[in-house]
Amino acid sequence: MKILLVYCHPCKGSFSEAVRDTAIAALQGAGHELDLLDLYAEGFNPVMSEAERAGYHTRGENRLPVAEHLDRVKAAEGLVFVYPTWWYAQPAMLKGWLERVLIPHETFTMPEGNQPIRGLMQNIRLLAVVTSLGSPKWWWWLVGRPGQRILLSGIRVLCHPKCRTIWLALHRIDVVGEEARKAHLDRVRAVLGGLR
């Protein structure tokens with residue numbers, strides 16, 4: 001597959017960086033073609049301007065501010081997101097990317113009558129998330145798993161009907177030791193390296 005790996009973390013040397021590098025090595029080792037999109041390194045602006053919002057529903061006009069990123073999504077067969085979970089969801093940088101790049105008429109249709117939106121990302125057959133959370137798993141479930149639901153439910157409906165989903169999360173990142181971090185990297189390596 002051609003994979004677009006969307007990476008979001010502001011700091012070099014973070015554990016998320018180690019996760020990203022493990023994911024890249026595993027995917028490439030399994031023979032997948034990789035396009036790395038590092039939102040901070042590329043200086044992506046997550047803020048939708050007033051003019052951009054005004055043209056958000058206008059076919060053609062809405063793609064102009066994000067054409068390069070949109071083209072990378074459309075060229076991919078799989079989307080892999082690597083980021084830390086902050087306040088139960090994606091960092092603002094990644095949330096802004098989703099809001100600005102996954103636009104109407106390009107990645108989904110607008111509702112008509114009582115018909116809901118329809119997904120236009122039939123090229124996407126894999127959605128994978130690799131993240132870390134400060135919360136314990138039970139608390140994450142108690143608050144409703146918002147970050148997971150945004151990507152693996154909300155974005156999933158825009159993709160191919162047979163799109164596979166993967167969720168790899170390390171909970172309690174602030175207090176777990178080196179052994180738990182290593183086990184998480186091993187799991188990332190095994191799961192992503194086993195994708196065919």
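Two strands count as paired if DSSP finds at least two bridges between them, and the helices (H or I, at least four residues) and strands (E, at least two) are DSSP runs numbered from the N terminus. The model described here is predicted, so that local features need pLDDT of at least 70 and side-chain atom pairs count only at pLDDT 80 or more, while totals for chains, interfaces and linings use all residues. Residues are numbered from 1 along each chain as its sequence is written, and side-chain values use heavy atoms, with hydrogens and water left out.

Strand β1 (residues 2-7) runs parallel to β2 and is joined to β2 by six bridges; within this pairing, Ile3 has Leu34 of β2 as its bridge partner. Both strands belong to an open sheet of five strands with parallel pairing, in the order β2-β1-β3-β4-β5. The edges are formed by β2 (33-38) and β5 (164-170), each of which pairs on one side only, and from one strand to the next the twist averages 15°.

| Helix | Strands touched | Angle between directions |
|---|---|---|
| α1 (residues 15-29) | β1, β2, β3 (78-84), β4 (126-132) and β5 | about 175° with β1 |
| α7 (residues 178-193) | β4 and β5 | about 165° with β5 |

Gly193 lies in helix α7 and, leaving aside neighbours within four places in sequence, is in contact with Ala26, Ala30 and Val188. The C-alpha atoms of Gly193 and His32 are separated by 9.4 Å, although these residues are 161 residues apart along the chain.

Technical notes: Axes fitted to C-alpha atoms, helices over the stretch in contact; angles between N-to-C directions. Contact = heavy atoms within 4.5 Å.
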